[in-house]
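Here are a few quick notes to read alongside the model. Have a look at it first, then go through the points.

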Amino acid sequence: MERLIFDRLTRLDDEGRPQPQLATSWSHDAGDKSWQFSLRSDVKWPDGSPLTPLEAATPLAAANPDWRLTVGGGTLLIEPNAPLPGLPAE
């Protein structure tokens, strides 16, 4: 149901591979414990104001209180409490 309401960082294509949605690209460290997402700069709220990285991080923080989230410069850094090799597909 949430896909009908909210855009996500990524979406899955017909073969189940993550594709850009709010994020334009992403990378991770060797242990899959640190993920950096670069966010689109052209996303706007219905009133025309831009979506900030902090606003994109807020629902993730609420749903995953054990994760460390850092925002800045158009990026969102996600550090889960355990390795998450499939994070872009989740």
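What percentage of the 90 residues of the chain count as buried?

1. Burial: the figure is 23% of the 90 residues, where buried means under 20% relative accessible area with a 1.4 Å probe, protein chains only. Keep in mind that this is a predicted model: local features need pLDDT of at least 70, side-chain atom pairs count only at pLDDT 80 or more, and totals for chains, interfaces and linings use all residues. Residues are numbered from 1 along each chain as its sequence is written, and side-chain values use heavy atoms, with hydrogens and water left out.

2. Fold order: you'll find 2 helices and 6 strands, running α-β-β-β-β-α-β-β along the sequence. These are DSSP runs numbered from the N terminus (helices H or I, at least four residues; strands E, at least two). The radius of gyration is 13 Å, close to the 12 Å that the globule rule gives for 90 residues, so the chain is as compact as a globular protein of that length. That radius is taken over C-alpha atoms, and the rule is 2.2 Å times the number of residues to the power 0.38.

3. Contacts: of those between residues at least 6 apart in sequence, 37% join residues at least 24 apart (contact means heavy atoms within 4.5 Å).

4. Leucine 69 has isoleucine 78 of strand 6 as its bridge partner. The hairpin leaves 2 residues between the strands, and glycine 73 in the turn has a positive phi of about 60°.

Methods. Buried means under 20% relative accessible area, exposed over 50%, partly exposed in between (1.4 Å probe, protein chains only). Two strands pair if DSSP finds at least two bridges between them.
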